[in-house]
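Have the structure open while you read.

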Amino acid sequence: MAALQKLPHCRKLVLLCFLLATLWEARAGQIRYSVPEEIDRGSFVGNIAKDLGLEPLALAERGVRIVSRGRTQLFALNPRSGSLVTASRIDREELCAQSAPCLLNFNILLEDTLTIYSVEVEITDINDNAPRFGVEELELKISETTTPGFRIPLKNAHDADVGENALQKYALNLNDHFSLDVRSGVDGNKYPELVLERALDREEEAVHHLVLVASDGGDPVLSGTSRICMKVLDVNDNAPVFTQPEYRISVPENTPVDTRILTVTATDADEGYNAQVAYFLEKSPGETSEVFELKSTSGDLTIIKDLDYEDATFHEIDIEAQDGPGLLTRTKVIITVLDVNDNAPEFYITSATSSVSEDSPPGTVIGLFNVHDRDSGQNAFITCSLPENLPFKLEKSVDNYYRLVTTRALDREQFSFYNITLTAKDGGNPSLSTDAHVLLQVADINDNAPAFSRTSYSAYIPENNPRGASVFSVTAHDPDSNDNAHVTYSFAEDTVQGAPLSSYISINSDTGVLYALRSFDYEQFRDLQLWVMARDSGNPPLSSNVSVSLFVLDQNDNAPEILYPAIPTDGSTGVELAPRSAEPGYLVTKVVAVDRDSGQNAWLSYHLLKASEPGLVRTARALLDRDALKQSLVVAVQDHGQPPLSTTVTLTVAVADRIPDILADLGSLEPSAKPNDSDLTLYLVVAVAAVSCVFLAFVIVLLALRLRRWHKSRLLQASGGSLTGMPSSHFVGVNGVRAFLQTYSHEVSLTADSRKSHLIFPQPNYADTLISQESCEKKDFLSAPQSLLEDEREETSSQVIYLFTTSVQASLLK
C-alpha cells in the first residue's frame, strides 16, 4: 500500500480499476464487475468471454450482445478481445445520487441459443465533487448577553460523493470568541455548530467575520467555504425550538399539486420581536427544493411538483426556524413516497422472426421478449398470457424474459398468418395491462396437389365447328401460394383413330381452355375421351388428372339421300308401271331415302299430293281410259333439321296393263331431247318388226303343241336361266309376303321431226323391293321368282305367249 501511495494519481486510478474488476462475484446466473466512475471511454471492465466460457472470436459468431431497458448504453463488448469496456462517461452521482452501493444491471444475450446472462456492475465513487454550502455567505445575529458555551447551528455543506470521498470535517478560522463543534445527526451527517467561548461585547466588537471550511476525505482533499458574518445584538438569549426533532410522513405519489402535507411548528421562549418565528426551507443542491414549498409564516409544507416514486422513493428536507433577532434552530422532514400502480407493463422485443415455415416442428422459437414494470412490489408483479386456441405458448426465462414457441404443426392453407397478441398484466389494484402484437407469416410448402372441382367433365361440340375455337375450359385450384399454386395444364398422351390427340385438341397451359384444332364431323366420330393433367410449379411438383368427355353434336349438314328408286346413270328417267285396272290404294312404287345425320336432323318426311303413306306411292282412285299414259310425280324428301334440307326425285308412272299397250301409244309420248336419238329410233322400229315376225311364227308352232305342260316346260327352259340365278334374298315383300310384282321401267323418246320413237328397257324396278346396286349390275334385268311361275300354271296360253314375246323383245333391244 505504501508503494501504491507513491504512484501518481492517474496510474493509481487505473490500477484501482483492475483491482476492482478482479473482485467480481458470480452468483446463480449472474456476473458481477466493479469499475470506478469517470473512467475513460473504452476502459476495461471485465473479460466477458472468459466468464461466459467462450473464445473471444466466438462472441460475434454466436451473436453475443448487450440488452438493457430504456437506458443509455454505458458498456460495450470488444469483439477482438472479448472484454466488456465502457461505452461512455459514467457519473455515479448522476446514476445513483447518494445511494451506496451504486449497481448497474443489464443482460448479455446469446442469440444462437437465446440464452440470457445477468450482469451487475458496481460503480465505485471517486472524489470528483467538492463539499458545497447552500449559501456562500451567512449572516448571523447574537445577543451580547449570550453566555459562553452557547451553540449556534450553522449551514452544513453537501458533498455528492460517498464514503471516504464524502464530507469528513469542518474547520473554523482562528478567532477569540468562537470555536467550532461538529455533531453527528441521526442520519449520519455532520452538522457544524459555533460555540461561544467568551462573552461578547457589542461595544467592543459589533461584527465578527468567520470562515467555515468543509473538507472531504478524498485524495487530493477537496473543500468548500462559507463566510459567516456574526452580528452581536442585545438581549435575545432563546432560539426557536421545534415540537419534534424530526418529522416523518408518507405521501402517495399521485398526491395532487398544491396539497399541504405537513405543518411544522417552532416556539421561542422570548417575548415580542425576539419571539417572532419565521420558517425557511433550507436550499440544498438537487431537485428536492423544487418539489416542495414552505410557507414562512405558517410552516405549511406543500407539494408544488408531481411526485414520482420511480424517480425518488423518499425526500429529505431541512427546515429552519428563526426568531426575530436571528436565532434559529433546525429540524429534518423525511418524506416517504408511496408507490401507486401508475405504470403499465412495458414490452421490449429482444428478438423475433416475421416468418416461419408451415412444416416447422412444435417447439420452434418465434421470438424472445422482456417485460418490465416501473412500479414496485405487487404493482410490479407481471403475468403474461396469450389468447386461447393459438398454436403458441410462452416459456418464462430469467429476469422476466419470455420465449414464444409453437405448440403444434402449422397449416398455411388454414391460417396464412397470425396476429399474436401478447398481454402483460401487473398485480396492482386496479391492475394495468399492455398488449404487444407479433405479426407472423406462415411460409408455404408444396403440400397440396391441384384439385379439380369435379371428378369428370362433359362438354358438347357442334360438328363443323371452326378451327381454333374454344370448346371447353377446366380449372384446378391449388390452395398453396406463389409457385406452389401456379398450375399448368396438359394432356395425357393418347391417340384418336391412329392420330395423336394433339392433332385434334390443344389446351392453354395457363388457363386450361381447350381449343379445337380441326373441324369435327359427327358422321366420322361422335365422342372424344381425353385426360387433362394439372401440375403445380412446386419442388417437387404435384399433379392430378381429370377425365374430359367431348361429345360431337349433330348438325343438319346432310340432305336426305334417295336409295330407291335409283336414278339411272345414263340420263334416263325410271318408269313405274301401273295397270289401268288398279284399284284405289294400289301400291305403285315405294320411295326409300336415308339421312346421314341423326335425331331430328334424320327424321324424314315425304311430300306427295294425297300420298297415302310416307314413302309409298299409291293410286288415289281408279284409273280411267282418259287418263294420260305417262304420269310424272315429284316426291320431295325433307328432314326436320334447322334449317331443313330436302331432296327431290321424279317418278314416271306408265299406265297400261301390257307392254304392247305402251308401244301402241308411243307416238303420244314426248320426243327425246337428244338430236341423235332419231337414227336410234329407226333401228329400234326395224328390230321390233323383225321380232314381230319371229313372234308370229313362234305362235303358230306353239298352237301346234298339244301338251300344255310340254309348252310350259319349253317356256321355263327359255327363261329359267335368268330366273334361277337371282337369290330370293333380293326380294323383300310388304308385310312379310314374298310376292313379286314385275314391272318395267320404260323411257320413250321421239325425234323432233318425225313420229319415230326410241324405246329403252333399262334395269327393272320392283315395287316394295330394294335391290342392291351390286345385284343390279350382275343380274339380268328381266327375271321372275319360281313361286310366281308356279302360280301362273292356270294362265291362258295367250298370256304365256305374251310373256315369252316380251322377253325376246327385251333381249333384242338390250
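Predicted model: local features only at pLDDT ≥ 70, side-chain atom pairs only at ≥ 80, totals over all residues.

How many disulfides does the count come to? The count comes to 1 disulfide. The link joins Cys96 to Cys102, with the sulfurs 1.8 Å apart. That S to S distance of 1.8 Å counts as a disulfide because the cut-off is a pair of cysteine sulfur atoms within 2.5 Å. As for handedness, the link of Cys96 and Cys102 is right-handed, with 60 degrees about the S-S bond.

| Cysteine | Relative accessible area | Class |
|---|---|---|
| Cys96 | 13% | buried |
| Cys102 | 2% | buried |
| Cys384 | 18% | buried |
| Cys693 | 54% | exposed |

Why does Cys384 count as buried? Its relative accessibility is 18%, and buried means under 20%. Cys693 sits at 54%, so it counts as exposed, given that exposed means over 50%.

Over to the charges. Asp176, Asp201, Glu204 and Glu205 form a negative surface patch. One of these, Glu205, lies in the loop between strand S14 (190–196) and strand S15 (207–216). Is Glu205 buried or partly exposed? Glu205 has a relative accessibility of 34%, so it counts as partly exposed.

Note on methods. Residues numbered from 1 in each chain as written. Heavy atoms only, no water. Buried < 20%, exposed > 50% of the residue type's maximum accessible area, 1.4 Å probe, protein only. Patch = residues over 30% accessible without salt bridge, like charges linked within 9 Å, V, L, I, M, F, W, Y side chains within 5 Å. Areas by Shrake-Rupley, 256 points an atom, 1.4 Å probe, with all protein chains shown as cover. Salt bridge = Lys/Arg side-chain N within 4 Å of Asp/Glu carboxyl O. Lys, Arg positive; Asp, Glu negative; His and termini not counted. Charge placed at Lys NZ, Arg CZ, Asp CG, Glu CD. Helix = DSSP H or I, 4+ residues; strand = E, 2+ residues; numbered from the N terminus.
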